[in-house]
Amino acid sequence: MNKSTVKNPPFPKNYSTEFIVFTHGDGVWLTDRVGKRYLDFGSGIAVNALGYGKKDLAQVAAEQMGKLIHVSNLYATEPALKLSQKLVDSGPFAAVHFGNSGTEANEAALKYARLYSLRTKGEGNHRILSFTNGFHGRTLGALSSTFTPKYQDPFKPLLPGFEVCPFNDVDQLEGTLDRSFAAVIVEVIQGEGGLEKMNEEFVSALNRLSKEHDVLVIVDEIQTGLARTGSLYAYQLVGLAPDIVTLSKPLAAGLPLSATLIPERVDSLLRVGEHGTTFGGGPVTTAVALEVWKTLSDAGFIAEVGAKGEFLARNLEELKGKYPFLGRVKGDGLLRGIEVNEIDIPKVLTAAQEAGLLILRSGQNVLRLVPPLIISEDELLQGIGILDQVFKKFKEV
Ligand code: PLP
C-alpha cells in the first residue's frame, strides 16, 4: 500500500470516489496509511471535540463492553440513568430521548412537538416552521425541514405541513407564525448553511411569538452544542428560550449517540409506545458520554474554548487583511469560518489537504474551521500558517 488514498471503493457515490485512508490519530493530528500527518480542523464534521487517541475513553468503552453492551429501552442501565440526569439538569428539561444520530434527534423532536400540539391544541395544528440555509438532517422528517434544494429536490414529495421563512427576517416570521404551528426548528449558528448567526431582533421575536401562539421552539444544537461555541449551549449566547434541544455530534466523542431534551409539559403528555428506538442510549455510548460530559460541561474548559475561538478569529482577521478574496470572519468559539469569494472552495479544500490541513466548507462560500476543542494556540497558528500558504498560491494565480 503506497498511496494515501483509495479510489472507487464500494461506498455509495453520494460520498466521493476517492478517500484518504486514515489509520490512527493523536490529539488534533490524524495519520493516513502511508504515514502522512494531517492537522485536523474538521473533527470528523464537528464531532471529535476531545481529539484522537483518547486511551481513557477507550478504557471506559472496553470496561463497559466487558460488562454489558446492550439491553434495549425496555430496561435501564446505570450509565444511561446518570447521563440522562446530567442532561436534564443542564437546562429547563424533564426528560431525554436518546438516539444514534443528529437526524434521529430531530425526528424525535418533531414527533414530540406534533404530539404536544395535538394534545393541547387539537388536530390540524401540526405545521413545522424552519429557516432558509438551516440543516437538520437527511431522514425524511428532518429533511422536510431542511430547505436546501440540492438535498430536498430528488426526494420530493416530502412531508406535508413543513414551511420555510428567511433566516433572521422578523417581518416574515411575524407574518407566518400562528397557532397552527406545532414547532419552529432552528439553529443559533447555521453550521452547514454558511455560519450565519441569529440576530438579537430575531431572537426576541421568536421568543415572543412562540409564547403568544404556543409553538414549541426546537433548538438544533447538534453542531453548536456542548462547548463548541464557547458556551455549553449556543442558545445561551443569544438568549433564545428553547423548549426542546437536540444534541449529537460531540456527545460521545465519536461514538454514535444523540439526545432530544424535552420539557415537563411535553413529557407529561407522552404515552407508552408512541416513540422509541432499539439502540439509542445503550450503556457503552452513554458510559463514554458521561466521561466526555465531565470535560465539555466544565466552566473552565468552556471558557478556554471561548478564548481560543477569539484567538482564531483574530488570526483569521489578519489573513483577511492580506487576501482581497477573503470576506467576513464568522461564527463563535471554535465553530469559525471565513468567507472566500471569487475562488473555488473545493480547490481550497484540496490544496489545504495536500498541505496537511483538513478543513470543511459551510454553505456556498464559507471555509469552516472546527478543530477538536482541546487544540492549543500553537496548533491553531500552525493551521493558520498552512492556510496562509494555500491562499498565497491562489493570490498568484
Ligand atoms: N443538525 C445539524 C445542525 C447538523 O449539523 C447535522 C449534521 O451535520 C445534523 C442535524 C444531522 O446529523 P447526522 O448527520 O448525525 O444525522
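Which residue with a positive phi follows α13? Let me keep that in mind while I say what we are looking at, which is a predicted model, where local features need pLDDT of at least 70 and side-chain atom pairs count only at pLDDT 80 or more, while totals for chains, interfaces and linings use all residues. Residues are numbered from 1 along each chain as its sequence is written, and side-chain values use heavy atoms, with hydrogens and water left out.

I will start with the ligand. Its shell holds 13 residues, the closest being Gly102, Thr103, Asp220, Gln223 and Lys249, where a residue belongs if one of its heavy atoms lies within 4 Å of the ligand. Helix α4, residues 102–121, supplies the largest share of that shell, with 3 residues; helices here are DSSP runs (H or I, at least four residues), numbered from the N terminus. Turning to individual atoms, a backbone N or O atom of Thr103 sits 2.8 Å from a ligand oxygen, and an N or O atom in the side chain of Gln223 is likewise 2.8 Å from an oxygen atom of the ligand, whereas for a polar side-chain atom of Glu192 the distance to a ligand oxygen is 3.4 Å.

Now to helix α13, residues 345–354, whose buried residues are Ile345, Val348, Ala351 and Ala352. These cover an arc of only 120° around the axis, which puts them on the same side of α13, the arc being that of the directions from the helix axis to the C-beta atoms. On the face turned away from that buried side are the exposed residues Lys347 and Glu354, with buried meaning under 20% relative accessible area and exposed over 50% (1.4 Å probe, protein chains only). And the residue I asked about, following α13, is Gly356, with a positive phi near 90°.

How values were computed: Polar contact = N/O pair within 3.5 Å; in protein donor to acceptor, adjacent residues only side chain to side chain. Helix = DSSP H or I, 4+ residues; strand = E, 2+ residues; numbered from the N terminus.
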